[in-house]
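Hi,

Here is the structure I said I would pass on. Have a look, and my notes follow below.

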Amino acid sequence: MPYYRSVGEIPRKRHTQFRSPDGGLYAEELMGVEGFSADSALLYHRHLPTAIVDARAVDSSAVGGRHTVPNHPLKPRHLRTQDLTFSAGTNAVTGRRLLLGNADVRICFAVADVPSPLYRNAAGDELLYVQGGAGTVETVYGALSVGDGDYVVIPTSCTYRVVPQGREPLRLYVIEANGHIGPPRRYLAAKGQFLEHAPYCERDQRGPTEPLTVEGTDVEVLISHRSGLTRYTYANHPFDVVGWDGCLYPWAFNIRDFEPITGRVHQPPPVHQTFEGPNFVICSFCPRKVDYHPLSIPVPYNHANVDSDELMFYVGGNYEARKGSGIGIGSLSLHPSGFTHGPQPGAAEGSIGAEYFDETAVMIDTFRPLELGEAANSCEDPRYAWSWARRGPDWD
Ligand SMILES: [Fe+2]
């Protein structure tokens, strides 16, 4: 996150004495990525951020589990998150169910109606996409109010919890990276400002606006790290930051603020790119005017993106190219490398003359194959693979 932000109280000069009203020194913490050679923030704590009084191993199944199986035989898949069951009392961290994953990214889903435990992912950034409901993401930097259509980027090792609000549970599509997630490099000037061709910019981003402090002692924080899960007990509540500044912090961006790029003929998927991560990209397909060449075909051509698995999450409208496939709101389609995919039969002809597509989808293209997690196996529509030919083993 390249933009400087300052929240709460901070001293005039970094690394100098900064005292609380009772005369004690605040504890300064530098949180920085890439060996302190890239974005960072300085946070000022009331208590030592280092003071833990216990550390216990936790079974890795507590945050969705880690077991996946290869997509073998290789098939396009239709997963229906709308059919996943979540009991009342589920939270957005330990209630996650693992849909898909590989060495670079884990993709989970959760329907949460109670606050999560305090949590920190030390292995990489997390991106929460809010499919429905509303809530607050409370972090050591402050709180973010989130709702339908929000992407929430949570930096590596940022302590946070998710608090659902309102009568509807929070429906969260969770992307856990094994590294950092941010705007594509090509959208940014050398010093980090969004360029004019970028489909979103600084005005669309929301960050914490005030500190969030909570009193407490012996407070548990669940840590996800590369070896598994550990539960720390902190001597004091980690939400004790009176101020911070820098360019590394959690931020939100609503998919409706993504301005689609359109053309006379079909524009390729990179025009929809929203984020990049280690060995994957994330794109937003938003309601838009469509191709206006007099002979244009607005739905995509058949395509073989030979280096990627493509995972599409359908969150709004009616996705033109998938009409007749059984895909609906909440569905995921996985089109793996090695399988050429394209519009459903009749969709190309049917789209001719259309001026506008009312469709919203979040796409993840991974550069290594995605494997199937527990949740994928429990919500798959086995007919999807045969939906172009309309015959096959599970079709009739
Ligand atoms: Fe595609």
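First, a term: "buried" means under 20% relative accessible area, "exposed" over 50%, and "partly exposed" in between (1.4 Å probe, protein chains only). Keep in mind that this is a predicted model, where local features need pLDDT of at least 70, side-chain atom pairs count only at pLDDT 80 or more, and totals for chains, interfaces and linings use all residues. Residues are numbered from 1 along each chain as its sequence is written, and side-chain values use heavy atoms, with hydrogens and water left out.

Now the iron ion. Its protein donors (N, O and S atoms within 2.8 Å of the metal, or 3.2 Å for Na, K and Ca; water is not among the atoms, so sites may look incomplete) are His303 (NE2), Glu310 (OE) and His341 (NE2), at 1.9 to 2.1 Å. Along the chain they are spaced H-x6-E-x30-H. Glu310 is buried, at 6% relative accessible area.

Glu310 also stands opposite His335 in β24. Strands here are DSSP runs of E, at least two residues, numbered from the N terminus. Strand β24 (residues 331-335) is largely enclosed by the rest of the structure, because five of its five residues are buried. Ser331, Ser333 and His335 point one way from β24, while Leu332 and Leu334 point the other way. Two strands count as paired if DSSP finds at least two bridges between them. β24 runs antiparallel to β23 (residues 309-317), with four bridges, and pairs with β5 (residues 77-80) in the antiparallel sense, again over four bridges.

Cheers
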